[in-house]
Amino acid sequence: MTPKTAVILAAGLGTRMGGRPKGLVRVAGREILYRTMHLLQRNGVERFVIVTNERYAPLYREFVERNGFNAELVINPEPDKGNGHSLHLAKGHLSGRFVLVMSDHVYSEAFVAEAITGNGLIADRRPGWIDVDEATKVKVKDGRVERIGKGLKDWDAVDTGFFVLDEGIFKVTEGLENEKNGDYSLSEVVGRAKLPVTFVDGLGWTDVDTPEELKRARKMLVFTAVKGTGDGFISRHLNRKISTRISYLLVEKVTPNQMTVVTFALGVLSAFLTLVSLPLAGILYQLSSILDGVDGELARAQLRTSRLGGYVDSILDRYVDGSFLALLAYSALKEPLWYLVALLALLGSVMVSYSTERFKGAFCRDAYREVPALRKLPGKRDERVFLTMLFLLVPSGLAVRALFALLAVLTNLRVGATVYFILLNASSFRTGMQ
């Protein structure tokens with residue numbers, strides 16, 4: 001059963017972050033704590049217990065009220081003591097299973113969705129976004145923690161700072177309270193409890209103790225925000241390598257909607273440049289295709305995704321493609337027969353997107369997830385834009401005619417193949433068919 005309560009340890013004074021509460025430091029346009037609470041809430045958590053100190057309590061209280069979270073603050077009057085003591089102070093404020101996280105850890109959406117289904121200590125055997133030398137390591141035996149500590153030489157995984165526990169943990173903290181006079185670490189609690197270990201490997205997470213680690217967290221959020229399943233060959237191997245680096249530079253400064261407007265304007269400008277310079281128009285068209293991935297990356301990194309945003313972005317892409325091909329045909333074609341070919345290319349380009357979007361409208365599912373064969377079909381927008389640029393780099397009537405002929409064949413064949421594969425797999429989602 002998914003825990004309904006989460007405890008967040010936020011009693012540290014944040015001395016390495018300039019005396020700021022680390023949970024309220026922004027990364028990719030959102031407070032670290034907002035990210036954690038929003039993602040936990042999305043995965044079934046309904047209530048939060050935030051353990052903080054007297055100095056930062058007013059800041060956290062204002063944050064909770066401003067964002068409408070159902071949260072209770074518990075004050076740790078001795079924040080210099082170990083974070084195991086902070087966990088103990090949550091005793092009596094919750095019941096049953098609960099999530100325990102640190103306020104200075106940044107988690108990706110995919111990580112939280114998998115980790116919350118685990119039990120005990122959530123550990124990572126393939127950490128990609130942390131300094132392993134500084135991390136807390138875990139030695140696992142028979143599915144439980146055998147040893148834990150930063151200095152372990154023989155270790156199996158890294159502590160992610162994410163736990164799924166129950167009230168039994170407070171029997172351990174009670175014993176340590178008496179033995180250590182309240183000054184003990186969470187690692188000591190974990191080691192004594194011999195918690196079960198759940199592995200969540202290779203997904204995005206990191207901790208933030210310094211400004212440099214804040215930059216690493218920003219990079220992690222952007223680079224794990226790539227859409228993935230719907231990308232074509234050019235997006236996977238070229239566009240995303242550029243767009244993610246642009247997103248990293250812009251994620252603290254630009255909103256997804258602002259980027260959508262910029263990309264649309266650049267695409268329309270490239271269309272009108274077909275009347276002036278075909279090579280320049282092609283290059284600008286490809287640049288707009290690269291930037292077209294940035295708004296989505298920003299939206300996912302900033303937790304600002306919306307169905308409306310995706311809808312508008314898709315509509316604007318069709319206008320860019322339609323205006324580009326129409327003006328290209330007007331500027332470079334003379335014979336009526338080639339106008340017909342251009343019309344078929346334009347129609348096919350629109351139908352490539354429509355054939356998958358209409359599937360989503362009919363079945364409320366992603367066509368690329370339901371029918372994996374569609375991912376391998378050539379002719380997606382990123383591939384068509386790149387081909388267009390290549391043909392226009394050497395401007396000639398022959399090159400333009402060849403481009404339109406290729407697009408007409410490629411796009412319409414892809415639409416036919418899409419319909420074929422969907423019909424072939426119809427039995428798996430027949431309940432939604434009319």
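Modeller: Buried, in what follows, means under 20% relative accessible area, exposed means over 50%, and partly exposed is anything in between (1.4 Å probe, protein chains only). This is a predicted model, so local features need pLDDT of at least 70 and side-chain atom pairs need 80 or more, while totals for chains, interfaces and linings use all residues. Numbering runs from 1 along each chain as its sequence is written, and side-chain values use heavy atoms, with hydrogens and water left out.

My pick is Val99, which counts as buried because its relative accessible area is 0%. Val99 sits in strand β6, residues 98–102 (helices are DSSP runs of H or I with at least four residues, strands are E runs of at least two, numbered from the N terminus). Leaving out residues up to four places away in sequence, Val99 touches Pro3, Thr5, Ala6, Val7, Leu40, Ile116, Phe162 and Phe163, where contact means heavy atoms within 4.5 Å. Take Leu40: Val99 is 59 residues from Leu40 in sequence, yet their C-alpha atoms are 8.9 Å apart.

Buried residues account for 52% of its 434 residues. Of the contacts between residues at least 6 apart in sequence, 76% join residues at least 24 apart. The fold has 15 helices and 13 strands, and its C-alpha atoms fill a box of roughly 90 × 50 × 45 Å along the principal axes.

Now the charged pairs. A salt bridge here is a side-chain nitrogen of Lys or Arg within 4 Å of a carboxyl oxygen of Asp or Glu, and the count comes to 26. Glu31 pairs with Arg66 at 3.5 Å, N to O. That pair links distant parts of the chain, 35 residues apart: Glu31 in strand β3 (residues 30–31) and Arg66 in helix α2 (residues 57–67). Glu31 is buried at 7% relative accessibility, whereas Arg66 is partly exposed at 45%.

Further along, Asp292 bridges to Arg381, with their closest N and O atoms 3.6 Å apart. Asp292 belongs to helix α10 (residues 278–301) and Arg381 to helix α14 (residues 381–392), so this pair ties together parts 89 residues apart in sequence. Asp292 is buried at 16% relative accessible area, and Arg381 is buried too, at 12%. Through shared partners, salt bridges join Asp292, Arg318, Asp321, Arg381 and Arg384 into one network.
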